[in-house]
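Colleague: I am new to this structure and would like to look at it together with you. Could you show it to me and take my questions one by one?

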Amino acid sequence: MRIVLLGPPGAGKGTQAKLLEERFGIPQISTGDILRQAVQDGTPLGMQAKQCMDRGELVPDSVIIDIVAARLAAEDCRDGFLLDGFPRTVAQAEAFDAMLQRRQLALDATVDLHVPRAELIERLSGRRTCRQCGHMFHLRFDPPSKQNVCDECGGVLYQRDDDCEETIAARMEVYERQTAPLREYFRDKGLLREVDGSRDSGEVFAQILHRLLPAG
Ligand code: AP5
């Protein structure tokens with residue numbers, strides 16, 4: 001199965017990607033996670049990416065396209081993959097099409113998560129992530145049992161730098177301008193599967209499965 005997860009910041013792409021990864025046994029490829037790791041490691045890519053991410057802007061297409069092309073060539077992507085946060089511009093989508101064509105592969109579906117803006121802001125401002133294992137919590141919807149401590153591994157929870165009010169607003173604007181046009185792009189190809197992402201995560205997951213495997 002080859003799937004793209006589309007949706008604005010906070011729509012639940014990362015949350016649903018983890019569930020789908022487990023269900024289908026395919027790797028989640030999160031361009032945001034790859035960039036955050038590069039920032040943490042202090043690599044040249046990380047230094048370039050941090051400037052864009054802190055402003056809520058996108059990292060240049062050429063940089064991201066090369067990262068994804070290299071990642072898709074890895075052995076664990078042979079039987080499928082789940083893209084979380086890519087493509088994000090029409091140029092990235094066209095480059096992705098070319099990557100698939102070169103390998104004679106086809107995308108199965110693009111899942112588009114719809115969530116009202118007020119809910120997105122609440123989700124992003126309450127998100128906390130474990131520094132050690134990456135597990136995600138939400139202060140209101142899925143709180144850790146002990147403040148700032150991960151229930152999974154005991155690691156420390158942190159708030160992403162780009163989850164502050166000002167950067168959230170910039171990310172939303174960038175999404176509407178640069179990423180939302182991809183809905184039409186994938187709709188025209190008959191690949192768009194629209195899902196109400198505002199329900200609780202179990203219900204959203206059930207809807208996604210229903211859209212991906214309508215007979216199942
Ligand atoms: P990225 O990391 O991809 O961030 P994003 O798209 O803004 O999405 P988020 O990770 O914030 O949200 P999500 O939809 O995954 O929601 P989540 O499941 O975490 O990108 C960050 C930056 O990197 C970009 O701004 C850009 O600079 C750069 N970048 C990345 N990819 C790029 C690309 N292709 N090109 C150029 N630049 C790129 O959930 C959020 C919270 O809500 C969590 O706390 C969760 O617990 C909670 N939650 C989830 N689902 C539910 C639910 N159903 N009900 C209640 N709470 C829920």
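Colleague: How do H2 and H4 lie to each other, oblique or roughly perpendicular?
Modeller: Helices (H or I, at least four residues) and strands (E, at least two) are DSSP runs, numbered from the N terminus. H2 and H4 (residues 61-72) pack with their axes 11 Å apart, at an angle of about 105°; axes are lines fitted to C-alpha atoms, for helices over the stretch in contact, and angles run from 0 to 180 degrees between N-to-C directions. Angles under 35 degrees count as roughly parallel, over 145 as roughly antiparallel, 65 to 115 as roughly perpendicular and the rest as oblique. That is why H2 and H4 are called roughly perpendicular.

Colleague: Before we go further, at which pLDDT do side-chain atom pairs count?
Modeller: Residues are numbered from 1 along each chain as its sequence is written, and side-chain values use heavy atoms, with hydrogens and water left out. This is a predicted model, in which totals for chains, interfaces and linings use all residues, local features need pLDDT of at least 70, and side-chain atom pairs count only at pLDDT 80 or more.

Colleague: Good to know! How many nonpolar residues are in the contact of H2 with H4?
Modeller: Thr31, Ile34 and Leu35 of H2 meet Ile64, Ile67 and Val68 of H4, where contact means heavy atoms within 4.5 Å. Ala, Val, Leu, Ile, Met, Phe, Trp, Tyr, Cys and Pro count as nonpolar, Asp, Glu, Lys and Arg as charged, and the others, Gly among them, as polar. By class, this contact has no charged residues and 1 polar one, and its nonpolar residues number 5.

Colleague: Which residue forms a salt bridge with Arg36?
Modeller: A salt bridge is a side-chain nitrogen of Lys or Arg within 4 Å of a carboxyl oxygen of Asp or Glu, and the count by this rule comes to 19. With the closest N and O atoms 2.9 Å apart, the partner is Asp33.

Colleague: And how do H4 and H5 lie to each other, roughly parallel or roughly perpendicular?
Modeller: H4 and H5 (residues 90-102) have axes 10 Å apart and an angle of about 30°. The contact brings together residues including Ile64 and Leu72 of H4 and Ala91 and Met99 of H5; it divides into 9 nonpolar, 1 polar and 1 charged. Given the angle, the two helices are therefore roughly parallel.

Colleague: In which handedness does H6 pass H7, left-handed or right-handed?
Modeller: H6 (residues 117-125) and H7 (residues 165-179) pack at about 135°, their axes 11 Å apart, and are therefore oblique. Among the residues that meet are Leu120 and Leu124 in H6, and Ile168 and Met172 in H7. A crossing is left-handed if the near helix is turned anticlockwise from the far one by less than a right angle, and right-handed if clockwise. Here the crossing is right-handed.

Colleague: Turning to the sheets, which strands stand at the edges of the sheet of 5 strands?
Modeller: This open sheet has the order E2-E3-E1-E4-E8 and parallel pairing; two strands pair if DSSP finds at least two bridges between them.

Colleague: Which residue of E7 stands opposite Thr129?
Modeller: An open sheet of 3 strands runs in the order E6-E5-E7, with antiparallel pairing. In it, E5 (residues 127-130) pairs with E7 over 2 bridges. Opposite Thr129 stands Tyr158.

Colleague: Lastly, what is the phi of Gln104 near?
Modeller: Most residues other than glycine have a negative phi, and most peptide bonds are trans. The peptide bond from Phe86 to Pro87 is cis, with omega near -5°, and Pro87 is in the loop between E3 (81-84) and H5. Gln104 belongs to the loop between H5 and E4. Its phi is positive, near 55°.
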